[in-house]
Amino acid sequence: MQRTEFASDNTSGICPEALASFIEANRDNMASYGNDEWTRRACDAIRDVFETDCDVFFVFNGTAANSLALASLCQSYHSIVCHKLSHVETDECGGPEFFSNGTKLLLADGEHGKLDVEGIARLIAARTDIHYPKPRAVTITQSTEVGTVYSLEEVQAIGHACREMGLSFHMDGARFANAVAHLGVSPADITWRAGVDVLSFGGTKMGMPVGEAVVFFNHQLAQDFAYRCKQAGQLASKMRFMTAPWVGMLAENAWLTRATHANAMATRLGDALSRLPGVDLMFPVQANAVFVSLPQVAVNGLKDKGWAFYSFIGAGGARFVCSWATTVEQVDELVGDVEGSLAS
């Protein structure tokens with residue numbers, strides 16, 4: 001029997017703010033397919049968060065959000081620049097390529113799982129002949145697959161480069177809340193004001209039961225996106241149950257409060273593990289994930305005690321993810337078991 005889950009923030013339950021709105025949405029009959037009051041309120045709440053008039057769509061999961069968003073930016077003969085450790089490359093089962101009818105992902109290196117302007121420029125300039133798919137977009141993962149966060153300056157630099165190169169700019173924000181909580185900047189500043197055209201805004205990892213928002217800051221790119229969602233099986237008939245949790249989470253900044261807590265638990269865990277002999281942090285702890293290299297005796301000891309964590313995500317090592325529900329006691333108990341395994 002598993003004792004505590006640190007494998008992913010997907011494993012936590014629904015946080016109270018999201019659950020309260022979900023239950024309230026169940027009281028009465030309402031119009032279907034997004035023509036309801038809860039969906040309208042959720043869209044307006046997202047527009048308030050980003051301080052702009054944006055087009056908002058809701059889908060069931062992050063794979064659909066990323067894949068459909070990128071497909072809306074490209075034709076089949078185009079290509080998309082991403083980091084080699086980005087989620088769209090490593091964990092979408094070819095979704096971006098499938099939904100775009102074959103758009104190619106161009107993979108770049110970059111320190112700490114992040115793209116940089118130089119890496120983008122090298123890929124764009126590598127080939128310009130008609131025999132190679134034409135670069136059309138850039139996508140970044142915020143926060144990254146190794147738990148790091150693009151700074152405001154880094155996003156602004158990529159946004160500026162995209163404009164100069166004629167590329168659309170997509171942000172995979174499955175853990176966007178954790179990134180914003182770490183940076184302490186406004187959501188508007190780190191997205192559309194920095195040049196981002198479309199954001200996959202993660203809800204599930206924030207503490208919602210299901211659902212992600214696809215937010216288009218560039219209205220032109222959103223044309224016919226509703227049809228993409230319908231064709232891909234992403235149009236929920238009882239849409240209010242997907243959108244009501246957004247209303248609860250965005251009210252009074254609950255989404256940032258919960259993300260700040262998750263980040264704090266990860267910082268506590270990273271600090272404690274890094275002080276143990278033979279345990280090394282693989283990447284800076286900036287959001288809610290901790291990547292460490294663990295001696296095999298510690299890995300075996302944790303698994304024997306029922307701790308759940310991944311060792312194949314990102315760049316390897318052991319990954320521990322904290323959520324809105326992670327407690328100080330759970331973090332300290334995990335550290336204690338690692339220390340006990342090392343001493344045995």
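**View 1. Serine 168 sits in strand S6.** Strand S6 spans residues 168-173 and holds serine 168. Strands are DSSP runs of E with at least two residues, helices are runs of H or I with at least four, and both are numbered from the N terminus. This is a predicted model, in which local features need pLDDT of at least 70, side-chain atom pairs count only at pLDDT 80 or more, and totals for chains, interfaces and linings use all residues. Residues are numbered from 1 along each chain as its sequence is written, and side-chain values use heavy atoms, with hydrogens and water left out. Is serine 168 buried or exposed? Serine 168 counts as buried because its relative accessibility is 5%. Buried means under 20% relative accessible area, exposed over 50%, and partly exposed in between (1.4 Å probe, protein chains only). Leaving aside residues up to four places away in sequence, serine 168 touches Leu73, Arg136, Ala137, Val138, Cys162, Asp197 and Leu221. Contact means heavy atoms within 4.5 Å.

View 2

**View 3. Strand S10 pairs with S9 and with S12**. Four of the five residues of S10 (289-293) are buried. Two strands pair if DSSP finds at least two bridges between them. S9 (residues 280-281) pairs with S10 in the antiparallel sense, over two bridges. Here leucine 281 stands opposite valine 292. S12 (residues 318-321) also runs antiparallel to S10, joined by four bridges. Phenylalanine 320 in S12 is the bridge partner of valine 290.

**View 4. The largest pocket is lined by 23 residues**. Asn10, His87, Ala174, Arg175 and Lys205 lie nearest its centre. The lining divides into five nonpolar, 10 polar and eight charged residues. Ala, Val, Leu, Ile, Met, Phe, Trp, Tyr, Cys and Pro count as nonpolar, Asp, Glu, Lys and Arg as charged, and the others, Gly among them, as polar. On a 1 Å grid over the protein atoms alone, a pocket is an open set of points where a 1.4 Å probe fits, with protein on both sides within 12 Å along at least five of seven lines; lining residues have an atom within 4 Å of a point.
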